[in-house]
Amino acid sequence: MAGSLREQDAGRTQRLAGWVHRRRDLGGMVFIDLRDRSGIVQVSFGPDWTEPESFGAAGKLGAEDVIAVRGEVVRRPAEAQNPEMATGAVELQATSFELLGDADTPAIPVHQNPGEEPPAEELRLLHRHLDLRRAPMQAALELRHRLVLETRNYLDRLGFLEIETPILTKPMPEGARDFLVPSRVHPGEFYALPQSPQIYKQILMTAGFDRYFQIARCFRDEDQRTDRQPEFTQIDVEASFIAPEDILGWIEGLMVRLSEVAGMGAPAPFQRMAYRDALDCYGSDRPDLRFGLEIEDWSEPFADVDFRITRAALEAGGRVRGLRLPGGASLSRKQVGVIESAARKAGAPGLLWVKRTEDGGSGPLARFLGEGHYDALSLRAGDLALAAAGPDAVTSPALAAARLRAADVAAVPRGREHAWAWILDFPLFDPLPDGAGITFNHHPFVMPAEEDLPRLESDPLSCGARAYDLVYNGSELGSGSLRIHDAALQERVLRALGLGDRQIEERFGFLLRALRSGAPPHGGIALGMDRIVQHFAGATSLRDVIAFPKTTAARALFEAAPGRPGRAELEALKLA
């Protein structure tokens, strides 16, 4: 292959095939950079060694033409070697070539100079066949292959079996909308594409396949973000007769192996943190732990502050919480405004802030605070305090967003490059935003904490879950739990969510029948393969590590999907 040639290949006759990366005509000679998946090698055409017909045609080759070339590998002169290329010490002196595929002028450039920005993402997605030829995309997808392969080998060594579960299934509530597929042979009825293999893998546990995994395709019809796609891939793992420590140990081992494949670090064991502590200290259950800037409770120092906003929040049972940014007083008003904007986007009306200076303070809070307050907040001269007042449901996401933005704006140094953590002790349920009921925190099949079972019906929001999430650098890479393996307890949880007997039977009857057949204790986890590759490849978007992704509007620009079916297709499906 083109990218594999080295000095030890000098003197050998080779036939290579690939794409013309670029062409240079110099002093009666023609040079092309020939590219294939393995890399690039320089090919030279000269009147002394190239057949006349091939020499004449070489000067007419265009970018992305596909050719097969034959010649001898020779060492390049020392002054002509290119240390930036793996093949830079050699070239192929072509005796002849064959044009295999003539290319139109590329709509987007495949060749990219160092430091040069790639084309706009929309153009890249519209011309994905060309975008996928670029070196960063090929490297990302090669890395993805190696990570998936290592995952399979690692889990196989632990005795897991890879078992495929259905893609056409029935609608099941897992926190997002289902994609529905009409059935032609059963008019008026619909399949759903799976949001995850959750119920099927639990049924596999009841069937005696005590260690299962799958590189599973999943589908969720939800609003898109840079870290979401309507179809995605997850590493799905489930095992019987286990405790959470088993899953945590196996997955830490897997992350260590995948990190080694990617040339990164994953020092095990990973840090562990309770869900409530994560919210208190970082405002988020997926905290970025590469730097400090912990959120502090300032309710007590603000108890005697005569400021309407903080006083009203405390009287209503809320808290005043904030971040202390050492040296932050040097930030401009515009920079503080950028941090405030992040808090507003996260749902807060704004941020309260004050800078401590040598002669007092400045900012909206300055005239309400005295020296004693600054001391109570541990503010030193030159520090900036950013605060939010109200219920935790409002202030936590606002301060989490402010923390991340402040770290960027103030260039807070990262103490470590790779910050792994397990978040534990999640609640079983969350209140609905309108206060009209409850919903599940993870999904309806999570095992409740045993000590909370007596309160399942009387006080469900106080119940904990035997759940755990894997977080890396502020991104949730995986979520898992022990599962309910007792049918009666599963019914109790579903009723707590407001489902009646008929709904339970229609939606989950087949799972309950499996649990009643003798189900072992079991649990597992689902890891986002796309997110893992994104982080390990250093990509800014999931779309850079997926061959044919969707846009943030859930459209496939290259193949123009979704589209409208024709009348004949609709008639066959008995749809109007």
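Which residue's side chain meets that of aspartate 408 in a salt bridge? The partner is arginine 414, with an N to O distance of 3.3 Å. Please keep in mind that this is a predicted model. Aspartate 408 is partly exposed, at 46% relative accessibility, and arginine 414 is partly exposed too, at 34%.

Let's look at a few of them.

Arginine 483 pairs with glutamate 238, their closest N and O atoms lying 2.8 Å apart. Arginine 483 has a relative accessibility of 2%, so it counts as buried. Glutamate 238 is also buried, at 0%.

Another bridge joins arginine 492 to glutamate 457, again with 2.8 Å between the closest N and O atoms. Because arginine 492 lies in helix α12 and glutamate 457 in the loop between β19 (438–440) and β20 (467–472), the pair ties together parts that are 35 residues apart in sequence. Arginine 492 is partly exposed, with a relative accessible area of 28%.

| Salt bridge | N to O distance |
|---|---|
| Arginine 483 – glutamate 238 | 2.8 Å |
| Aspartate 408 – arginine 414 | 3.3 Å |
| Arginine 492 – glutamate 457 | 2.8 Å |

Finally, there is a network to explore: salt bridges link Arg124, Arg128, Asp131, Arg134 and Asp544.

Technical notes: Residues numbered from 1 in each chain as written. Predicted model: local features only at pLDDT ≥ 70, side-chain atom pairs only at ≥ 80, totals over all residues. Heavy atoms only, no water. Salt bridge = Lys/Arg side-chain N within 4 Å of Asp/Glu carboxyl O. Buried < 20%, exposed > 50% of the residue type's maximum accessible area, 1.4 Å probe, protein only. Helix = DSSP H or I, 4+ residues; strand = E, 2+ residues; numbered from the N terminus.
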